[in-house]
Structure formats: C-alpha cells, structure tokens
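Hi,

Here is the structure I said I would pass on. My notes on it follow below, with the cut-offs spelled out as they come up.

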Amino acid sequence: MRYFLIVLGALSLCFSSCASFEAEKANEARTIEISFDANKTTGYMWVCAIDKTDIAQLIDEKYEIDYSRVDKNGICGAGGEQKFTILCKKKGHAIIRFSYIRPWEKEKKPEKEICYDLRVRENFDYRLEKCYEMSLSDIVSDVVSVFGVGIDVPAM
C-alpha cells in the first residue's frame, strides 16, 4: 500500500509539472518576437504602432547592446538590438508598423519604416508577412531618379 501511495504521488507531481509546461507553451505560442538592429547612441529608436490593439498588443520592448560591436575603448557608440514582444489576443487581422525615429523630431519623416501584416487564427497560430520596408535614403534616391535632381544641366 505504501508503494502505491509513493507511485501515485510521483505520478501526480509529473502530471502537474506537464500541465504547467503545456500552459506556458500555449502562452508562448501567443507571443511574437520581432527584433531590429538599432543604435540608441544616435538618438534613433524603433517605435511600434498596431492599428487594432484588440487583435494584437505590444507587451514588451527592450534594447540590448551587442557586445561583439564594442571596441577596446568601451561601449560608447556601440549598436545593439531592439526587441519587441507582441501578444496575439484574438482571431483577426492587424497591421503592425515600426518606425525608426528620433522622438523629439516630430516633423521629420522616419529614417526607416517597416510594416507587417498579421493574421491571427482561432487557435492563435499566426501568419506574419512583411508589407513593405522603406528608408529615407530610398525615397531620396527615387526623387533623384525621377526629377533628375543632382544632374548637371547646361545653362541656356
């Protein structure tokens, strides 16, 4: 009888551990992590905007220095990675836009912008596709090629 109780206790401990692991695993499946190269020493930072916060919500954002980029003089000027954690809350469709900006430059266009299309299914499986990626230098080069800015034109 004593052996039966020991085995029963061990089995119940195993099942409770497995259940909490599955709950954690299910919870992890509801989150998406997206990261970008960044360098906060330049004043720029990535900002996240989600059009439908009832479908998806930003729950965490952090910046980590990439110590492999650190030179012998220290970390001053070293870049890193900015990470975003997004929670899928329910089935639906949302647009997630990331802008690389200096927050105090309100009138200036973002240096870079990346947009994702998120589709969350009933079981929280999701599909995340990049809609577009654009940098300010892409826009400037398009203007130069369309309008001929910077090309020497002979005087009349």
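Strand 2 and strand 5 run antiparallel and are joined by six bridges. Two strands count as paired if DSSP finds at least two bridges between them. Within this pair, Cys-48 stands opposite Phe-98 in strand 5.

Before going further, the ground rules. This is a predicted model, so local features need pLDDT of at least 70 and side-chain atom pairs count only at pLDDT 80 or more, while totals for chains, interfaces and linings use all residues. Residues are numbered from 1 along each chain as its sequence is written, and side-chain values use heavy atoms, with hydrogens and water left out.

Strand 1 and strand 4 are antiparallel and share eight bridges, and Glu-33 stands opposite Thr-85 in strand 4.

Along the sequence, the whole chain reads α-β-β-β-β-β-β-β-α, which comes to two helices and seven strands.

**The core**

The largest nonpolar core has 21 residues, and Phe-36, Trp-46, Ile-86, Ile-96 and Phe-98 touch the most other members. By nonpolar core I mean a set of buried Ala, Val, Leu, Ile, Met, Phe, Trp, Tyr and Cys residues joined through side-chain atoms within 4.5 Å. Buried is under 20% relative accessible area, exposed is over 50%, and partly exposed is in between (1.4 Å probe, protein chains only). Strand 1 (31–38), strand 2 (45–50), strand 4 (80–88), strand 5 (92–101) and strand 6 (112–120) each supply at least two residues of the core.

Phe-98, in strand 5, is buried at 0% relative accessibility. Leaving aside neighbours within four places in sequence, the contacts of Phe-98 (heavy atoms within 4.5 Å) include Phe-36, Trp-46, Cys-48, Ile-86 and Tyr-116. Ile-114 is 16 residues from Phe-98 along the chain, yet their C-alpha atoms are separated by 5.2 Å.

Ile-86 has its own set of contacts, among them Ile-32, Ile-34, Ile-50, Leu-58 and Ile-96, with residues up to four places away in sequence not counted.

**Cysteines**

How many disulfides are there? Zero, under the rule that a disulfide is a pair of cysteine sulfur atoms within 2.5 Å. For Cys-131, the closest cysteine sulfur is in Cys-115, at 4.0 Å, which is too far for a bond. Cys-131 is partly exposed at 42% relative accessibility, whereas Cys-88 is buried at 0%.

Phe-124 lies in the loop between strand 6 and strand 7. Its phi is near 70°, a positive value in a residue other than glycine. Most residues other than glycine have a negative phi. Phe-124 counts as partly exposed, at 22% relative accessibility.

Ser-135 is in strand 7 (residues 126–135) and is buried at 16% relative accessibility. Beyond its neighbours within four places in sequence, Ser-135 is in contact with Glu-111 and Lys-112.

**Whole-chain numbers**

- Of the 156 residues, 22% count as buried.
- The accessible surface is about 11200 Å², with 58% belonging to carbon and sulfur atoms; areas come from the Shrake-Rupley method with a 1.4 Å probe, and for residues only the protein chains shown count as cover.
- Among contacts between residues at least 6 apart in sequence, 62% join residues at least 24 apart.

Cheers

Definitions and conventions
Helix = DSSP H or I, 4+ residues; strand = E, 2+ residues; numbered from the N terminus.
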